[in-house]
Amino acid sequence: MRPAAITLVTALHDDDLRLVADRLVTDRTVGHRVHVAGSAFAAARSIAARADQLDRVCGPSAEHGLVATLAPGTDVRAVGMLLANAARSETGDDRVLRHVVTVLRADDVAQLLWSEVDDAFVAAERVADAVEYATVIALDRLGPLSGRRRRALVALLHRLAPHAVIVALQTIRSAEDLPASNGGAARLLAAGAGWMRALSSDAGRADTGRGPGDGLVTLRYREPLPFHPGRLAEVIAEDLAPGVNGRVLRSRGFFRLASRPDHVGSWSSFGAMLALDPTANPSWDADAPVGQAIWFVGERMDVHGIERALDGALLTPEELLAGPGSWRSWADPFPIWPALDAHSHD
């Protein structure tokens, strides 16, 4: 029996979800759809149950598929990985995910990236996650953007999702308009985001862009020392502000604060919004990142200026020798993180 080829569709607006799903299910080989919400586990379980039902109904020789629309905010990467892992455990083959289609309103995304909006954290996080874990990005409402801004947006999306195909929404009229796929889209989700690829590569800190004309600059910042909390706060407020060292459009990675030696922090910025959150990994975990590992991409970025500023926030030799007992007493201007359970730490 051929298992149903699953296509996930994600968007920030319900209307966009319905529009794309309506187009995809008109194809003769894709006759079924399901809408899911809730946690990634609940969504994946609902999709898998519907796909199993479809397999039984269609029979062993049918070529069929399932379009699953995810409610805004659902973790698309987690859903894809759960579906692939479940398929692997049952059949030994994880090729069940045909595509992850992300629908974006280009003018809304440009507003988040290039305006001085600094409080739309939920929208920014959803856009970043939807882009970086997509195999197809469908852009709507490109008309309000200038040609220059449109080119810059597409170039940035290419950087954030190197594996994704970027198209105008109107070009998707049926499932046949999606790129060919062997069902292995979940493998791209595992480590296909631009920031993941950059931080796992052996390349140097800076490069000059995807192509000679895209105008983007990237920086991979890696240092083993932790940051001083006060000096890092100054760098964020002064040196990473738009216009000081160019404009950072997106940054992502992991960081360590000396004043929080038990934690590994998650660093994520989109436009003018920066979120510094704790990860689930304690610092003593064998797989925890050491020190700083952050990827930046932006326009006219002065990579040397950003490097100098971040280097200045690292602990000095004298501060490092003072040890965690001293670090914990330092003034720390960042929001409090939940305490970690240290009982498992030997």
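1. Ground rules. Numbering runs from 1 along each chain as its sequence is written, and side-chain values use heavy atoms, with hydrogens and water left out. Since we are looking at a prediction, local features need pLDDT of at least 70 and side-chain atom pairs count only at pLDDT 80 or more, while totals for chains, interfaces and linings use all residues.

2. Salt bridges overall. Taking a side-chain nitrogen of Lys or Arg within 4 Å of a carboxyl oxygen of Asp or Glu as the criterion, the count is 14 salt bridges.

3. Arginine 105 with aspartate 16. The closest N and O atoms of this salt bridge are 3.0 Å apart. Arginine 105 sits in strand β4 (residues 97–105) and aspartate 16 in helix α1 (residues 14–24), so the pair ties together parts that are 89 residues apart in sequence. Helices and strands here are DSSP runs, numbered from the N terminus (H or I, at least four residues, for helices; E, at least two, for strands). Both arginine 105 and aspartate 16 are buried, where buried means under 20% relative accessible area, exposed over 50%, and partly exposed in between (1.4 Å probe, protein chains only).

4. Arginine 250 with glutamate 132. Another salt bridge, at 3.0 Å from N to O. Strand β9 (residues 247–255) holds arginine 250 and helix α5 (residues 121–132) holds glutamate 132, so parts 118 residues apart in sequence are tied together. Arginine 250 counts as buried because its relative accessibility is 1%, and glutamate 132 counts as buried because its value is 3%.

5. Arginine 260 with aspartate 332. Their closest N and O atoms are 2.8 Å apart. This one links distant parts of the chain, 72 residues apart: arginine 260 is in the loop between β9 and β10 (263–270), and aspartate 332 is in the segment after α12 (324–327). Arginine 260 is buried, with a relative accessible area of 10%, whereas aspartate 332 is partly exposed at 26%.

6. Charged patches. Arg148, Arg150, Arg151 and Arg300 gather in a positive patch on the surface; the negative counterpart brings together Asp75, Glu125, Asp129 and Asp277. Patch members have over 30% relative accessible area and no salt bridge, with like charges joined within 9 Å (nonpolar side chains, Val, Leu, Ile, Met, Phe, Trp and Tyr, within 5 Å). Arginine 150 belongs to helix α6 (residues 147–160) and is partly exposed at 32% relative accessibility. Aspartate 75 lies in the loop between β3 (65–70) and α3 (76–91), partly exposed at 42%.

7. Positive phi. Two arginines to look at on the backbone: phi of arginine 141 is near 55° and phi of arginine 300 is near 50°, each a positive value in a residue other than glycine. Arginine 141 is in the loop between β5 (136–140) and α6, partly exposed at 34%. Arginine 300 lies in the loop between β12 (292–299) and α10 (303–313) and counts as exposed at 58% relative accessibility.

8. Serine 181. This residue is in the loop between β6 (165–168) and α7 (185–191) and is partly exposed at 33%. Serine 181 and alanine 5 are 176 residues apart in sequence but 9.5 Å apart in space, C-alpha to C-alpha. Leaving out residues up to four places away in sequence, serine 181 touches Leu97, Arg98 and His99 (contact means heavy atoms within 4.5 Å).

Methods
Areas by Shrake-Rupley, 256 points an atom, 1.4 Å probe, with all protein chains shown as cover. Lys, Arg positive; Asp, Glu negative; His and termini not counted. Charge placed at Lys NZ, Arg CZ, Asp CG, Glu CD.
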